[in-house]
Amino acid sequence: MNPINSIQDEIIDEFAFFGDWMEKYEYIIDLGKSLPLIDEQYKDEDHLIKGCQSQVWLHADEAEGKVSFTADSDAVITKGIIALLVRVLSGQKAEEIAKADLYFIDKIGLKEHLSPTRSNGLVSMVKQMKMYGLAINAKSQ
Amino acid sequence: MEVTAQQAFDIDKIRKDFPLLEQEMNGKPIIFLDSAASSQKPAQVIDRLNDYYRTGHANVHRGVYQLSQEATMAFEEARELVRQFINAPSEKEVIFVRGCTEGINLVASSYGRKFINQGDAVLITAMEHHSNIVPWQMICEERGAELRVAPVNDAGEIDLDALYELLDERVKIVSLVHVSNALGTVNPVKAIIDRAHELNIPVLVDGAQAIPHTQVDVQALDADFYTFSGHKMFGPTGIGVLYGKEEWLEQMPPYHGGGEMIKTVTFEKTTYNELPHKFEAGTPDISGVIGLGEAVRYIQSIGYENISRHEHELLVYATEQLEQIEGLRIIGTAKEKASVVSFIVDGVHPYDLGAILDKLGIAVRTGHHCTQPLMARYEIPGTVRASFAFYNNKADIDALVAGINRAVLMLK
């Protein structure tokens, strides 16, 4: 199985244990609080993805056709979801990232946070992550 | 027995007029505290729209047949209702637009092309909504004019001395908000209009947030332009009103070209229709206008006196209750406020708070409220805003306070 999908399935299994939205959100908030996700030097205008509601910073590194991501947000729920997205996509092959279908967000019931109407920067961040995948893959061809 | 106004205001009965208030959100009874973004609609307005489409629809000002004439009468009757509602001298001065945003764009573009030239200035304030900033920026850039911005103090009030300082003969128009959507501040528009008129400078008032809460009399204000949206005053979306003094509107070129706004058309030359039709190109939002007329009737049936008193009670109660939450800071503490409370909680991002309140069935607005320069003024990314209409009650505020406490516990 494709490694991106197996991580997604892992997360879906983990979330199946949560009884209600409160537990789910508490977990996301903990993720958001506990992880220092990005080097301070990358929290600048160049790495900023502006949302109406919250802001996101994204940095990508490439090594041997694989892309690693670090990211951050000023809002803790957004940051918690970023932690999940990074867990799924970071360290994967550029080609796989470019064509990834991120079905886990819907399955764990957090779809609303990845809706364009929320304008929290996450939709643009996912787009940007895939763009990195696409660009790095094209370069290596 | 005579019924006093106070007795006549029955909040439980009023709430039953609004079907949406009986709905659920995320499995919880909805607590709707976002009326400043868009208010809910009473059954009277919804039924009128339904009735119009089922039994009364035809294009207006065109057909000789009965149905079209009846639609035209209903349409123009709504204009007359709006005229009386804001006490405009003439129905020629009541122009239907898509909303407050279009009202401002119309004036900026049409008045601007006629009266604003190189080296002139437009004066706005630091608490304007983007819709009262960007249209002026656009016309200033086009005409080579300067956009001046009157500052706001820490409480969220316009610094009047600074505003008057910026007001000189180079200013060709002043455009300012009556009630701030982000702070709730009620601005002393009458005083500013009088001052501008001493220099013969016209004033546009963005009344989007004022009209749901207070009686507006355009003649008493002596406003040159006053614009507002239907959807914030319990009417349909997509319809709004621009009031303009006839003396200005007559001098201004049309904004959009098309049907309805013309008198004669040849390929060489078109002559324009009379006011207000000169500014109403194309088939108008007929149902929107009729629905707006019904919303006016509905507001009048409740009465602004009742609305103001009830909303003031809600504002005072909400302010008291919210201030008791540790770390909560209200942004916008002007002496004169409408029923809008914007706040932030130390260490809690507005988005996170809004996301948890959503799960609890509580609808609030979070973010910069389309007032980015104002948020920059307070050095905050945004706020959480609870706004109240006359259909809200103290239980809504109690639910909000309980929701914030719960969210803060999770987030901190």
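View 1. Tyr53(B), Arg54(B) and Thr55(B) are exposed, on the face of H3(B) turned away from its buried side. Buried means under 20% relative accessible area, exposed over 50%, and partly exposed in between (1.4 Å probe, protein chains only). The model is predicted: local features need pLDDT of at least 70 and side-chain atom pairs 80 or more, while totals for chains, interfaces and linings use all residues. Residues are numbered from 1 along each chain as written, chains are lettered from A and ligands numbered from 1 in written order, and side-chain values use heavy atoms, without hydrogens or water. The buried residues of H3(B) are Val45(B), Tyr52(B) and Gly56(B). They lie on the same side of H3(B) because they cover an arc of only 60° around the axis (directions from the helix axis to the C-beta atoms).

**View 2. Length and packing of H3(B).** H3(B) runs over residues 43-56 and has 14 residues. Helices (H or I, at least four residues) and strands (E, at least two) are DSSP runs, numbered from the N terminus. What do the buried residues of H3(B) pack against? Their partners are helix H4 (66-86) and helix H11 (286-302) of chain B.

**View 3. Surroundings of Trp248(B).** Trp248(B) sits in helix H10 (residues 246-251) of chain B. Trp248(B) counts as buried because its relative accessibility is 13%. Leaving out residues up to four places away in sequence, Trp248(B) touches Tyr111(B), Phe115(B), Pro202(B), Asp224(B) and Phe225(B) (heavy atoms within 4.5 Å). Phe225(B) is 23 residues from Trp248(B) along the chain, with 8.9 Å between their C-alpha atoms.

**View 4. The largest pocket.** A pocket is an open set of points on a 1 Å grid over the protein atoms alone where a 1.4 Å probe fits, with protein on both sides within 12 Å along at least five of seven lines; lining residues have an atom within 4 Å of a point. Of its 17 lining residues, Gln53(A), Arg118(A), Asp358(B), Val364(B) and Thr366(B) are closest to the centre. Helix H13 (350-359), strand E15 (362-363) and strand E16 (365-367) of chain B each give two or more lining residues. H13(B) supplies the largest share, four residues.

**View 5. The second largest pocket.** This pocket contains about 330 Å³ of space. Among its 17 lining residues, Val186(B), His312(B), Lys337(B), Ala338(B) and Ser339(B) lie nearest the centre.

Technical notes: The expected span of a helix is 1.5 Å times one less than its number of residues. Grid points are joined across faces, edges and corners, and a volume is the space filled by probe spheres set on the points.
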